[in-house]
Amino acid sequence: MHPLSGHGPTQQDRADFEYALGRALADPAVRAALAGDTPQAARLRTLARQRTAEILAAAEPEYLTYRRLREAAPDRPLPAAGTDDRLSGWFGALALVVPIVTGSAAAVFFLLGAVIGLSRPHQALADALRTAAWSTVAAAVASALIGLLGLLFSAARQRATPPGDPQHAQDLSAARTAWRTALLHRGLIPFLLAGLHAAGTGRDA
């Protein structure tokens, strides 16, 4: 039974296999045997992908350890990537940028209202400008309060998210590294060298 039997390789497993395959083709012993034969390297890459199960079996103990740790990882809901950052950005704008802009507009309205109010024929316009100024002040205060409450909510939400087990994360990373190393040295490099030897024997015959 090969290490992925009954489970199927995950996307991460395929990526790890491709990474190890690239390192194997770059190994000095393999490069020396290839002697710059690019078509042969491409043929070996394709052959390795076709015989993945056989190669993976060479690193089965390490993979089983890695898979056991990976499946034992605690399940906890995670927010979509960037969601908290975007929310914090919006709330930060409400708390800082919007009050500054609306506060500046209110100051302009007050100033215009005071200047125009000096002229009795335009008293109605001056009153309208002062009303607009007070409305803008109210909007500035409201946006500042909403922004501050939003920032406090985001901070509380981040603190409430339970952190992962750091020891488990370290063990999982070490198991993955051990699997990729075994896959490289016990699986891929011997497979590629054997393929090159067989190709050379075939040409000599």
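The model examined here is a predicted one. In this model, L183 belongs to the residues with the most contacts inside the largest nonpolar core, a group that also comprises F17, I55, W179, L188 and L192. That core has 26 residues. At least two of its residues come from each of α1 (11-25), α2, α3, α4 (52-57), α5 (60-71) and α8 (166-204). The greatest contribution is that of α8, which gives 10 residues to the core.

The chain as a whole contains 8 helices and 0 strands, and its pattern along the sequence reads α-α-α-α-α-α-α-α. Of its 205 residues, 28% are buried. Contacts between residues at least 6 apart in sequence join, in 84% of cases, residues at least 24 apart. The accessible surface of the chain amounts to about 12,700 Å², and carbon and sulfur atoms account for 65% of this surface.

Helix α3 spans residues 38-50 and has 13 residues. From its first C-alpha to its last, α3 reaches 19 Å, close to the 18 Å expected at 1.5 Å a residue. Its buried residues are Q40, A41, L44 and A48. These lie on the same side of α3, because they cover an arc of only 100° around the axis.

The loop between α2 (28-34) and α3 contains A35. The phi of A35 is near 55°, a positive value in a residue other than glycine. By contrast, most residues other than glycine have a negative phi. A35 counts as exposed because its relative accessibility is 65%, above the 50% cut-off for that class.

Helix α5 has 12 residues, and the distance from its first C-alpha to its last is 16 Å, close to the 16 Å expected at 1.5 Å a residue. Within α5, the residues E60, Y63, Y66, R67 and L69 are buried. With a relative accessibility of 16%, H168 counts as buried, since the cut-off for burial is under 20%.

Helix α6 comprises residues 83-117 and includes V108. With a relative accessible area of 44%, V108 is partly exposed, because this value falls between the 20% and 50% cut-offs. V108 and R130 are 22 residues apart along the chain, and their C-alpha atoms are separated by 9.8 Å.

Conventions: Residues are numbered from 1 along each chain as its sequence is written. This is a predicted model: local features need pLDDT of at least 70, side-chain atom pairs count only at pLDDT 80 or more; totals for chains, interfaces and linings use all residues. Side-chain values use heavy atoms; hydrogens and water are left out. Helices (H or I, at least four residues) and strands (E, at least two) are DSSP runs, numbered from the N terminus. Buried means under 20% relative accessible area, exposed over 50%, partly exposed in between (1.4 Å probe, protein chains only). Contact means heavy atoms within 4.5 Å. Accessible areas come from the Shrake-Rupley method with a 1.4 Å probe; for residues, only the protein chains shown count as cover. The expected span of a helix is 1.5 Å times one less than its number of residues. The arc is that of the directions from the helix axis to the C-beta atoms. A nonpolar core is a set of buried Ala, Val, Leu, Ile, Met, Phe, Trp, Tyr and Cys residues joined through side-chain atoms within 4.5 Å.
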